[in-house]
Amino acid sequence: MRKSNYTTTEGKDVPVVVHPRTWTLEDIVAWMDVRHALPITKENLRMAVEMFMNEVEDLLLEGSIVNLRIGRLTPAVTGV
């Protein structure tokens with residue numbers, strides 16, 4: 001949760017810009033439900049994706065690299 005629409009990058013306050021085509025997990029699941037005949041319920045899909053993302057986050061926090069079809073995720077450390 002952010003206290004304002006600014007984030008600190010390299011000691012400078014930078015505004016957080018909201019792109020007009022921003023999608024949340026809920027938006028994507030709803031879109032998939034309309035666009036495809038989902039073989040599982042929206043709730044089960046959302047839960048499975050959340051579990052997957054939690055595991056990916058844990059792997060990154062442990063210093064692992066995660067290769068996915070949408071890109072390669074690498075851990076990064078910023079600050080002191």
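Modeller: A residue counts as buried when its relative accessible area is under 20%. In this predicted model, 5% of the 80 residues of the chain count as buried.

Colleague: What makes the chain more spread out than a compact globule?

Modeller: First, its make-up: the secondary structure comes to 2 helices and 4 strands, and from the N terminus the order of elements is β-β-α-α-β-β. The radius of gyration is 17 Å, whereas the globule rule gives 12 Å for 80 residues; the value is well over the rule, so the chain is more spread out than a compact globule. Along the principal axes, the C-alpha trace spans about 50 × 30 × 20 Å.

Colleague: Among contacts between residues at least 6 apart in sequence, what share joins residues at least 24 apart?

Modeller: That share is 5%.

Colleague: Why are α1 and α2 called oblique to each other?

Modeller: Helix α1 covers residues 25–35 and helix α2 residues 42–61, and they pack at an angle of about 135 degrees. Roughly perpendicular ends at 115 degrees and roughly antiparallel begins over 145, so an angle between those two limits falls to the remaining class, oblique. The pair is therefore oblique. The two axes lie 10 Å apart, and the crossing is right-handed.

Colleague: Which residues meet where α1 packs on α2?

Modeller: From α1 come Leu25, Glu26, Val29, Met32 and Asp33; from α2 come Lys42, Leu45, Arg46, Val49 and Glu50. By class, this contact has 5 nonpolar and 5 charged residues, and no polar ones.

Colleague: Why does Val49 count as partly exposed?

Modeller: Val49 sits in helix α2 and is one of the residues that meet α1. Its relative accessibility is 27%. Buried would need a value under 20% and exposed one over 50%, with partly exposed in between, so Val49 counts as partly exposed.

Technical notes. Residues numbered from 1 in each chain as written. Predicted model: local features only at pLDDT ≥ 70, side-chain atom pairs only at ≥ 80, totals over all residues. Heavy atoms only, no water. Axes fitted to C-alpha atoms, helices over the stretch in contact; angles between N-to-C directions. Parallel < 35°, antiparallel > 145°, perpendicular 65-115°, else oblique. Left-handed = near helix turned anticlockwise from the far one by under 90°. Contact = heavy atoms within 4.5 Å. Nonpolar A, V, L, I, M, F, W, Y, C, P; charged D, E, K, R; others polar. Buried < 20%, exposed > 50% of the residue type's maximum accessible area, 1.4 Å probe, protein only. Rg over C-alpha atoms; globule rule 2.2 N^0.38 Å.
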